[in-house]
Amino acid sequence: MSLKPAQIAEVKAMGFLLNRGTEEFSGRIVPAGCVFSAADLQVISEIADRFGSGKVAFTTRLTAEIVGIPYENIEGAVAYAAERGLQFGGTGAKIRPVTACKGTTCVYGNFDTQAMAREIHQRYYEGWRDVKLPHKFKIAVGGCPNSCMKPSLNDFGVEGHRAPHYSDEKCRGCKVCQIEKCCPVKAASLKGGKLVIDDTCKTCGVCTGKCPFGAVERHDHVLYQIFVGGTWGKHTRMGTALSRMVEEDEIFPLLEKTMLWFKENAYQKERLGAAIDRIGVEKLEQELFSDALLQRKDEILAVPVKQRP
């Protein structure tokens, strides 16, 4: 191979990964808010034809990976994309491309997942582009407990919930209860002529507004379950669910504090979940539900990543 390791490493940091057995690369184009427009897709097609092999593969993090780009074409591909509002990236020990399910349009979605992902992308994927973290940091946004985007297997996962607002007084004990009928986990049932919702309820929101008499009222108050430290692959770890669900205005401060905690406490090449297991969930939560990390933000970001003793 004529390419030097330093050349391969340099373009990998830009979002270009060497194709096995070749001197060609796959370059990842990152969408804002997990969505490409029709015009974006046309540009991606043009880049694949002009600079690559003509093939495009979509990754699990919703990036468009243009395959078979020769090393000498990378600079031209980057410039062509930038002139048309697109960017390559998605690699390295930093915030990775944000993923979101289609909760924005899905009938089960409890909130606008893609709008939240777009804001996270702008604030942190772009805003923290030059922040070096101990390891990769993955963020996923899910619209409901169906968990299609697997928020619990990301370093920071957001999952939208709508708990049923139930009024026992309005329940008429219908022979065919619409709440019992629609509950996907059978947490709702009639007992003694009244609806009972037990603690197996997943707060998925499917039942809200289904009772014709308003015993379970229609509402749009969404609470969010936050997961931290999830990983998949050779070392699998289910994300730790924070001890309480949070309001929407708590999400971004919690995300920033989680990344600051990761930056301050994890060793180089240590994932967030491993650092949590080493230090303890209790200590993490104490810091996430206070403002101490935000008050020390500049100091934390200025310090190099910790090395193992």
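The model is predicted: local features need pLDDT of at least 70, side-chain atom pairs count only at pLDDT 80 or more, and totals for chains, interfaces and linings use all residues. Residues are numbered from 1 along each chain as its sequence is written, and side-chain values use heavy atoms, with hydrogens and water left out.

Begin with the open sheet, whose 4 strands have the order 1-2-4-3 with antiparallel pairing. Strands here are DSSP runs of E of at least two residues, and helices are runs of H or I of at least four, numbered from the N terminus; two strands pair if DSSP finds at least two bridges between them. Select residues 16–18 and 56–58 to see the edge strands, strand 1 and strand 3, each of which pairs on one side only.

Next, select residues 64–70, strand 4, which 3 bridges join to strand 3 in antiparallel fashion. Within strand 4, Ile66 is the bridge partner of Val56.

Now display helix 2, residues 38–51, which packs on the sheet and touches strand 2, strand 3 and strand 4; contact means heavy atoms within 4.5 Å.

Finally, select Arg123: its charged end sits over the ring of Phe252, 4.1 Å from the ring centre.

Notes
Axes are lines fitted to C-alpha atoms, for helices over the stretch in contact, and angles run from 0 to 180 degrees between N-to-C directions. A charge sits over a ring if NZ of Lys or CZ of Arg is within 6 Å of the ring centre and within 35 degrees of the ring normal.
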